[in-house]
Amino acid sequence: LHKTVYVLFLLFQILGAVILGFGIWILADKTSFIAVLQMSSPSLKTGACILIGVGALTMLMGFLGCLGAVNEIRCLLGLYFTCLMLILLTQIAAALVIYFQKETLKVELSNIVVDLIEDYDPLNEDKRNLQDAWDYVQTQIACCGWTGAKEWEKNEILRNKSNTEYPCSCSNRSKDLVEGRGFCVLDDPVNGTATYADWPVHEQGCMDGVEQWLKDNLGIILGVCTGVAVIELLGMILSISLCKNIHSEDYTKVPKS
C-alpha cells in the first residue's frame, strides 16, 4: 500500500510541476504566439496565474495526501479528496467554456492581431516585445497577417510609404529574414502605390497556420489532458478507499464489552 501511495505522490509532484511550469512559461515567454496573446489579453495572464496556483496546490495536495495515507490521518485524506475534486471540476468547466466560446475567442484573437498589425511600428520601443513576438510567429509559421498579407496594407507606416515597403518577417526570401523584424524595401520600384501582391511574402495567413498546428497536435493535447484527469481520479479513488479502511480499522480497535 505504501508503495502505491509513494508512486501517486511522485505522480502528483510531477503533475503539479508540469502545470506550474506551464503557467510560468506563459508569463515568461516573449518569443512565440503565446507571447502575443499574453501581452495583449489580460484574460490569458489571469489564466496563467491560475495555472501557477493550481500547480502549486497540486504539489501541496500530493504531499498532504501522502502524509495522510502514511500516518492514517483521515482529515488530511478528506482535504486531499476535496481539493482534487475541485481541481478536476475546474478543469472540466474550463474545457467546456473554451469549447462553447471558441468562436468568441477566435474573434477576440483576430481583433488583437489585426490591431497589432495596424499599429506596428519598428521604432516603438514600448511595444518592442509584442512586435518581436509577432515577427517570430510569422517567421516560424511562414505566414503573413492573420488572414493574409492584405491586412498589412492597413498599417499606417506602410500606407504613408505607398506600400513600397513590406514586413521583413513575412518575406519568403532568406536575406530579409536575417533582420527578421521591421520593414524591407521593394527591390523593383513600383509606379504609384504598390499592393501586397507586389510583395515577396508568404500568401498563407497565420490563422490557418495556427489552426493547422492545433490539428496536428490535438492528439497530444487530448492525451495530456486525459492523463491528468486519470491521475486525479486515481488519487480521489485511493484517498476515499484509505479513508474507509481507516474508518473500519477504528471500529475493529474498539474493545468489545
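**Close-up views of a predicted model**

**View 1. A network of salt bridges links Glu125, Arg128, Asp132 and Arg181.** Here a salt bridge is a side-chain nitrogen of Lys or Arg within 4 Å of a carboxyl oxygen of Asp or Glu, and the structure holds eight of them. The model is predicted, with local features requiring pLDDT of at least 70 and side-chain atom pairs counted only at pLDDT 80 or more, while totals for chains, interfaces and linings use all residues. Residues are numbered from 1 along each chain as its sequence is written, and side-chain values use heavy atoms, leaving out hydrogens and water.

**View 2. Aspartate 187 forms salt bridges with arginine 173 and with lysine 175.** The closest N and O atoms are 2.7 Å apart in the pair with arginine 173, and the N to O distance is 3.3 Å in the pair with lysine 175.

**View 3. Ring pairs join Tyr120, Trp152 and Phe183 in a cluster.** Rings of Phe, Tyr and Trp (its six-membered ring) pair if their centres lie within 6.5 Å, with planes under 30 degrees apart counted as stacked, over 60 as edge-to-face and the rest as tilted. The centres of the tyrosine 120 and tryptophan 152 rings are 5.2 Å apart and their planes stand at 75°, so this pair is edge-to-face. Tyrosine 120 is buried at 1% relative accessibility, and tryptophan 152 is buried at 0%.

Key:
Buried means under 20% relative accessible area, exposed over 50%, partly exposed in between (1.4 Å probe, protein chains only).
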